[in-house]
Amino acid sequence: MTIPLPYPFALYIFVAFCVCIGIQILYYLFLFSKTAFYKPKDYYDEALKPLSVIVCARDEAANLVKNLPGILVQEYPATHEVIVVNDNSTDESKYVLEELKGVFPNIHHIELTQEAKLIAGKKFPLSMGIKSAKFEYLLLTDADCVPASELWIKKMQEAYNPNTEIVLGYGAYHKKPGFLNKIIRFETFHTAIQYFSYALAGMPYMGVGRNLSYKRDVFIRNKGFSSMNQIPGGDDDLFINKVANKYNTAVVIDPEAFTLSEPKQTWHDWMKQKNRHYSTSKYYKFKHKFWLGLYTFSFFWIYPLLAASIIFFNWWLPLLVFAFRWLIQGIIYYKGMKKLNESDLIPLFWLFDIWMFFYYILFFPALWKKPKKTWN
């Protein structure tokens with residue numbers, strides 16, 4: 001039963017609801033569909049190049065034991081090296097790396113024993129790794145990540161053509177029991193379908209350091225992280241936001257090219273991680289903040305306006321409009337989740353859609369918080 005409001009206020013509420021729905025549908029049909037229906041292009045017919053894999057680690061001895069062998073046994077026919085930057089670790093990381101060096105001669109590790117002044121976060125150790133790299137092509141990941149296959153390096157490098165300087169990959173999370181794990185993986189999927197789709201639309205705005213490749217020259221030419229040294233994060237998203245464009249950026253959407261990380265085990269740890277990530281987004285270029293903000297704004301207001309339209313306008317008409325949006329969204333998510341190997345999340349997409357309303361409320365304040373000066 002509807003509660004009448006003085007004309008035309010009820011109509012205005014319904015129209016505002018329809019506008020938000022329309023904006024969302026446009027994003028799904030003309031942007032996110034680029035990832036959902038993505039078909040890999042033919043790879044450039046050229047020999048694979050020598051490459052440097054760079055891993056930064058701080059107190060990651062256990063993860064190095066577990067994950068580093070997966071990087072060291074990659075089937076990559078060209079010359080390659082693995083550089084591990086051990087950043088002021090106080091655990092057994094140094095000895096783990098020395099043991100691995102005895103088995104895998106292509107591993108090199110850099111021991112940092114002093115904190116870099118005035119350079120926050122992971123940027124200094126990563127810069128040292130890039131500076132020490134022998135080769136032009138770089139592939140970055142984290143110590144808590146393991147490649148999904150032994151073809152990870154090969155698949156990521158095949159995306160390069162003569163114009164490509166940056167390759168964006170997918171950093172997935174291991175599938176574990178529990179609802180928090182599904183929430184984390186959905187949020188990771190939701191982020192990926194955005195940055196992949198923007199890149200495919202010619203407007204790349206971020207990458208993830210868990211699975212990211214670029215040329216050493218693009219790093220040096222843009223003076224590395226010098227413009228963002230005061231910001232703890234940003235070694236992946238802000239750097240890509242600065243240097244990527246529609247001509248020099250490619251994506252790799254292939255399960256064999258994914259990396260897998262251990263997800264956070266508690267809500268507190270996960271929220272702390274996401275707050276840190278979102279605190280850098282305010283430094284994006286204006287055009288990226290506008291289009292990302294428009295999507296978030298229209299998404300956030302759908303549920304309040306749906307409830308208001310049902311109460312004050314007409315209960316069945318807004319539900320019909322909303323159902324049409326869910327249909328479009330469901331198709332895009334179905335195709336996208338299959339592409340990113342998250343198919344088990346498909347039956348719950350409607351629940352995650354409702355969750356995202358509360359998600360935006362939880363993390364909206366992070367846009368104004370001052371980033372903390374730690375990266376691990």
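Me: Which strands does helix α3 lie across?
Reply: In this predicted model, helix α3, residues 93–103, lies across β2 and β3. Its direction is at about 160 degrees to β3.

Me: And what sheet do those strands belong to? What is the strand order?
Reply: The sheet is open and has 7 strands, in the order β3-β2-β1-β4-β8-β6-β9, with mixed pairing.

Me: Which are the edge strands?
Reply: They are β3 (107–112) and β9 (249–251), each of which pairs on one side only.

Me: What does the twist average from one strand to the next?
Reply: The average is 20 degrees.

Me: How many bridges join β1 to β2?
Reply: There are 7 bridges between β1 and strand β2 (residues 80–87), and the two strands run parallel. Within that pairing, I54 has I83 of β2 as its bridge partner.

Me: What about β1 and β4, parallel or antiparallel?
Reply: Strand β1 (residues 51–57) pairs with β4 in the parallel sense, over 6 bridges.

Me: How many residues of β4 are buried?
Reply: In strand β4 (residues 137–142), 6 of the 6 residues are buried, so the strand is largely enclosed by the rest of the structure.

Me: Which residues sit on which side of it?
Reply: Y137, L139 and T141 are on one side, while L138, L140 and D142 are on the other. Both faces are covered, and these residues are all buried. As a general point, side chains in a regular strand alternate between the two faces of the sheet.

Me: Back to β8. Is S213 buried or exposed?
Reply: S213, which is found in strand β8, is buried, with a relative accessible area of 0%.

Me: What does S213 touch, beyond residues up to four places away in sequence?
Reply: S213 touches L138 and L139, together with M156, Q157, Y160, E165, I166 and V167. Y160 is 53 residues from S213 in sequence, and their C-alpha atoms are 9.7 Å apart in space.

Me: Changing topic: which residues have the most contacts inside the largest nonpolar core?
Reply: That core has 70 residues, and those with the most contacts inside it are L168, Y170, Y195, F196 and Y214. Helix α6 (residues 179–200) provides the largest share, 11 residues. Another core, of 30 residues, lies apart from it and includes L51, A61, V96 and W152.

Me: What is Y195 in contact with, leaving aside neighbours within four places?
Reply: Y195 is in contact with L168, G169, Y170 and G171, and also with Y205, M206 and V208.

Me: How do α6 and α11 cross, and at what distance between axes?
Reply: The axes of α6 and helix α11 (residues 316–339) come within 11 Å and cross at roughly 100 degrees. The two helices are therefore roughly perpendicular to each other, as angles from 65 to 115 degrees count as such.

Me: Which residues meet there?
Reply: From α6, F186, F189, H190 and I193 meet I332, Y333, G336 and M337 of α11. By class, this contact has 6 nonpolar, 2 polar and no charged residues.

Me: Now the loops. What is phi for D59?
Reply: Phi of D59 is near 55 degrees, a positive value in a residue other than glycine. D59 lies in the loop between β1 and α2 (61–72), and is partly exposed, with a relative accessible area of 36%.

Me: And for N341?
Reply: For N341, phi is near 60 degrees, again a positive value in a residue other than glycine. This residue lies in the loop between α11 and α12 (349–363) and counts as partly exposed at 41% relative accessibility.

Me: Last one: is S281 buried or exposed?
Reply: S281 counts as buried, because its relative accessibility is 15% and the cut-off for burial is under 20%. S281 is found in the loop between α9 (267–278) and α10 (286–312). S281 and G234 are 47 residues apart in sequence, with 8.7 Å between their C-alpha atoms.

Technical notes: Residues are numbered from 1 along each chain as its sequence is written. This is a predicted model: local features need pLDDT of at least 70, side-chain atom pairs count only at pLDDT 80 or more; totals for chains, interfaces and linings use all residues. Side-chain values use heavy atoms; hydrogens and water are left out. Buried means under 20% relative accessible area, exposed over 50%, partly exposed in between (1.4 Å probe, protein chains only). Helices (H or I, at least four residues) and strands (E, at least two) are DSSP runs, numbered from the N terminus. Two strands pair if DSSP finds at least two bridges between them. A nonpolar core is a set of buried Ala, Val, Leu, Ile, Met, Phe, Trp, Tyr and Cys residues joined through side-chain atoms within 4.5 Å. Contact means heavy atoms within 4.5 Å. Axes are lines fitted to C-alpha atoms, for helices over the stretch in contact, and angles run from 0 to 180 degrees between N-to-C directions. Angles under 35 degrees count as roughly parallel, over 145 as roughly antiparallel, 65 to 115 as roughly perpendicular and the rest as oblique. Ala, Val, Leu, Ile, Met, Phe, Trp, Tyr, Cys and Pro count as nonpolar, Asp, Glu, Lys and Arg as charged, and the others, Gly among them, as polar.
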